[in-house]
Structure formats: C-alpha cells, structure tokens
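Subject: Structure for you to look at

Hello,

Here is the structure I said I would pass on. My notes follow below it.

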Amino acid sequence: PSFAEMLDRVTRRASQDADIFRYFVDLGSGQGHAALAAHALFPFRKCIGIELVPDIVTVAREALGQYVSLGFASRARSTSDLSKILVQGDFLDDVDWSDAS
C-alpha cells in the first residue's frame with residue numbers, strides 16, 4: 001500500500017475522541033513527499049517535515065515550490081501554514097514536536 005493508503009487506515013482507525021488531525025510530523029522527512037502528501041490529502045491543522053541534511057531540505061523546498069505553483073496547495077485539505085511545513089534541523093534538539101498526533 002502507498003503512504004497515503006497507510007495514513008488513511010491509521011486515521012480511520014483512531015478513536016473518535018482522539019484528535020488525530022492535530023499535528024502531522026515526518027521525522028527525517030527527506031525530500032518532503034510525505035509531509036506534502038499529508039498536507040494535500042488530510043485535514044491536519046499543523047503539518048511539518050523535519051530533515052537534518054541542508055541539501056536535502058533544499059530539494060524538498062523545490063518540491064514545495066512545485067506543489068504550490070501547480071495548484072495542489074490551493075486544493076489541500078490541511079490548513080497548515082506552508083511557510084513552516086519544511087524544517088531544517090535535528091528533530092531531537094531543534095524542534096518541539098511533543099504535541100504531534
């Protein structure tokens with residue numbers, strides 16, 4: 001199954017009282033594809049991908065640019081701020097993701 005199918009299964013199986021769409025975090029997000037897919041397909045209120053390697057973050061930001069320029073962002077289900085979706089840093093030290101769902 002694809003990433004989107006797996007995430008769909010997880011979100012559908014969550015209990016009704018679980019705030020499953022609170023905060024999506026992709027640790028070691030690479031080129032950002034999972035974070036962008038989660039943003040496009042699911043109603044997460046906050047959505048980020050955290051990547052340590054600066055050169056890979058540059059590639060991810062290029063993908064984000066295409067996501068926006070091709071119009072996918074304007075039709076996304078998430079309300080997350082796209083200017084904060086791709087974070088360069090160490091997820092153990094640089095970003096607080098303790099509220100992730």
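A residue is called buried when its relative accessible area is under 20%, exposed when that area is over 50%, and partly exposed in between. D19 has a relative accessibility of 33%, so D19 counts as partly exposed. Please keep in mind that this is a predicted model.

The sheet

Three strands make up an open sheet, ordered β1-β2-β3, and their pairing is parallel. The edges are taken by β1 (24-27) and β3 (86-88); each has a single partner strand, so one side of each has no neighbour in the sheet. From one strand to the next, the twist averages 20 degrees.

β1 and β2 are paired in the parallel sense over 4 bridges. V25 has I48 in β2 as its bridge partner.

How well is β2 covered, and on which faces? Of its 5 residues, 5 are buried. On one side these are C47, G49 and E51, and on the other I48 and I50, so that both faces of β2 are covered.

After the strand

The loop between β2 (47-51) and α3 (54-69) contains V53. V53 has 36% relative accessibility and therefore counts as partly exposed. Together with L52 and I56, V53 makes a nonpolar surface patch of about 230 Å².

Salt bridges

Side chains of opposite charge can pair when their charged atoms come close. With a cut-off of 4 Å between a side-chain nitrogen of Lys or Arg and a carboxyl oxygen of Asp or Glu, the count is 3 salt bridges.

One of them joins the side chains of R12 and D8, at 2.8 Å from N to O. Both residues belong to helix α1 (residues 3-13), and they are 4 residues apart, about one turn of the helix. R12 is exposed because its relative accessible area is 65%, while D8, at 25%, is partly exposed.

Another joins the side chains of D19 and R45, at 2.5 Å from N to O. This pair links distant parts of the chain: D19 is in the loop between α1 and β1, R45 is in the loop between α2 (33-41) and β2, and 26 residues separate them. Like D19, which is partly exposed, R45 falls in the partly exposed range, with a relative accessible area of 46%.

Which residue forms a salt bridge with R22? The partner is D99, and the closest N and O atoms are 3.2 Å apart. This pair also links distant parts of the chain, with D99 in the segment after β3 and R22 in the loop between α1 and β1, 77 residues apart. D99 is partly exposed, since its relative accessible area is 45%. R22 is partly exposed as well, with a value of 25%.

Regards

Terms used: Residues are numbered from 1 along each chain as its sequence is written. This is a predicted model: local features need pLDDT of at least 70, side-chain atom pairs count only at pLDDT 80 or more; totals for chains, interfaces and linings use all residues. Side-chain values use heavy atoms; hydrogens and water are left out. Patches are made of residues with over 30% relative accessible area and no salt bridge: like charges are joined within 9 Å, nonpolar side chains (Val, Leu, Ile, Met, Phe, Trp, Tyr) within 5 Å. Accessible areas come from the Shrake-Rupley method with a 1.4 Å probe; for residues, only the protein chains shown count as cover. Helices (H or I, at least four residues) and strands (E, at least two) are DSSP runs, numbered from the N terminus. Buried means under 20% relative accessible area, exposed over 50%, partly exposed in between (1.4 Å probe, protein chains only). Two strands pair if DSSP finds at least two bridges between them. Axes are lines fitted to C-alpha atoms, for helices over the stretch in contact, and angles run from 0 to 180 degrees between N-to-C directions.
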